[in-house]
Amino acid sequence: MDAKLGTVLHEPGATKEKKAKMEKQAKETTIGSTGLRLTGCQVSYHPPLRSTRAYEKTWHASSQTFMLTPKSFGKSIKAEEMPSGMIRFFPSPTDEIPSLVLPPIPPPSAFTADDQTPIPAVASDVAPATTVSILPEGLYRDHAIPAPTMLRVLALIDKQLSDLETVLRSLEMRFVGASVLIVYEGDLTRLEDALAQWESRIHEVDPLKPVEEEEDDDIIESDSEDEEEDDLDGTKEDEKLAKECPPVIVKMIDFAHTWIAEGQGVDEGVLKGLATLRNLVRGRRTELESQA
């Protein structure tokens with residue numbers, strides 16, 4: 001999930017035309033009033049299709065298709081409609097989520113001889129980039145991750161957003177065009193394994209703290225041992241990586257227009273957007289608690 005932060009979309013030195021354009025965009029979207037714009041999301045454990053710039057894709061395991069969210073979605077909704085975006089990004093099995101795009105016109109071979117009913121195409125690794133597959137009725141149901149598991153995901157996201165907020169309150173900087181990137185594992189089995197490993201580590205070490213670098217000799221010796229023990233197909237290496245993979249990652253990204261603003265205080269617009277995002281996450285948690 002990519003969520004744009006801040007109430008100001010232009011730098012102080014921008015031209016009048018640029019400022020006018022960005023101020024208009026802020027006023028016409030949720031950025032101006034909430035400091036946040038939902039940009040896009042992809043939840044997928046299936047090898048994704050070649051992506052297009054027009055859509056962000058959410059994998060729907062039951063139908064083996066992608067649920068597409070146009071980039072215009074975040075720009076077109078009002079502040080009070082933002083929770084609908086959280087449902088698209090963090091669905092539960094009982095949610096019925098409408099498609100936001102029209103299905104492609106199927107070729108003649110996609111109709112049955114009897115009733116001319118369209119047969120939806122199934123997404124595949126070799127499908128062209130323009131392929132769009134949705135359910136016949138245009139609604140997605142029976143999402144893979146149950147509410148109790150999604151609640152654990154959202155609790156971790158909320159905690160990491162809180163940590164990010166703490167850091168930003170200590171910095172006198174400006175972040176124009178920065179975003180929060182949220183990643184979570186979309187495969188239910190792998191997600192539950194990662195959550196269990198993560199939660200067990202919390203009581204031992206801080207999983208967010210960077211691991212101290214090993215001495216070169218130790219690294220060489222460790223690599224050598226791994227090569228001897230590893231199977232020919234790399235199974236042991238895969239298991240090792242799986243143990244190190246967190247269920248959730250929250251990062252702040254996009255710093256092309258970032259600068260130190262010593263003496264000017266914190267970036268209130270970015271903090272406002274972060275507070276909006278946390279409220280949306282908490283609202284989604286409340287909704288899912290009623291389903292769990």
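How many bridges join β1 to β8, and in which sense do the two strands run? In this predicted model, 3 bridges connect β1 with β8, and the two strands are antiparallel. The protein has 292 residues, of which 38% count as buried, and its secondary structure comprises 9 helices and 10 strands. Among contacts between residues at least 6 apart in sequence, 77% join residues at least 24 apart.

**Confidence**

- The average pLDDT of the protein is 76, and 65% of the residues reach a score of at least 70.
- Helix α9, spanning residues 268–289, has the highest confidence, at 97, whereas helix α7, spanning residues 216–229, has the lowest, at a mean of 47.
- Residues 44–55 have a pLDDT below 50, and this stretch makes 34 contacts in the model beyond near neighbours in sequence.
- Residues 216–225 also stay under 50 in pLDDT, and the model has 1 contact for them beyond four places in sequence.

**Strand β1 and its partners**

- Strand β1 covers residues 2–5 and pairs with β2 in the antiparallel sense, over 4 bridges.
- Within this pairing, Asp2 stands opposite Gly40 of β2, and Leu5 stands opposite Leu36 of β2.
- Strand β2, made up of residues 36–40, is mostly covered, with 4 of its 5 residues buried.

**Aromatic rings**

- The structure contains 2 aromatic pairs.
- One of them is formed by Phe90 and Tyr184, whose rings are stacked with centres 5.5 Å apart and an angle of 25° between the planes.
- This pair links distant parts of the chain: Phe90 belongs to the loop between α4 and β5, Tyr184 belongs to strand β8 (residues 179–184), and 94 residues separate them.
- Both Phe90 and Tyr184 are buried.
- A further ring, that of Phe73, has the charged end of Arg88 over it, at 5.9 Å from the ring centre.

- Glu96 is located in the loop between α4 and β5.
- Glu96 counts as partly exposed because its relative accessibility is 49%, which lies between the 20% limit for buried and the 50% limit for exposed residues.
- Apart from its neighbours within four places in sequence, Glu96 is in contact with Leu139, Tyr140 and Arg141.
- The C-alpha atoms of Glu96 and Leu139 are 5.9 Å apart, although the two residues are separated by 43 residues along the chain.
- The contact with Arg141 includes a polar contact between the side chains of Glu96 and Arg141, at 2.8 Å.

**His143 and Tyr140**

- His143 lies in the loop between β6 (139–140) and α5 (147–168).
- His143 counts as buried because its relative accessibility is 9%, which is under the 20% limit.
- A polar atom of the His143 side chain lies 3.4 Å from the backbone oxygen of Tyr140.
- Tyr140 is also one of the residues in contact with Glu96.

Conventions. Residues numbered from 1 in each chain as written. Predicted model: local features only at pLDDT ≥ 70, side-chain atom pairs only at ≥ 80, totals over all residues. Heavy atoms only, no water. Buried < 20%, exposed > 50% of the residue type's maximum accessible area, 1.4 Å probe, protein only. Pairing = 2+ DSSP bridges. pLDDT = per-residue confidence, 0-100. Contact = heavy atoms within 4.5 Å. Phe/Tyr/Trp six-rings, centres within 6.5 Å; stacked < 30°, edge-to-face > 60°. Lys NZ or Arg CZ within 6 Å of the ring centre and 35° of its normal. Polar contact = N/O pair within 3.5 Å; in protein donor to acceptor, adjacent residues only side chain to side chain.
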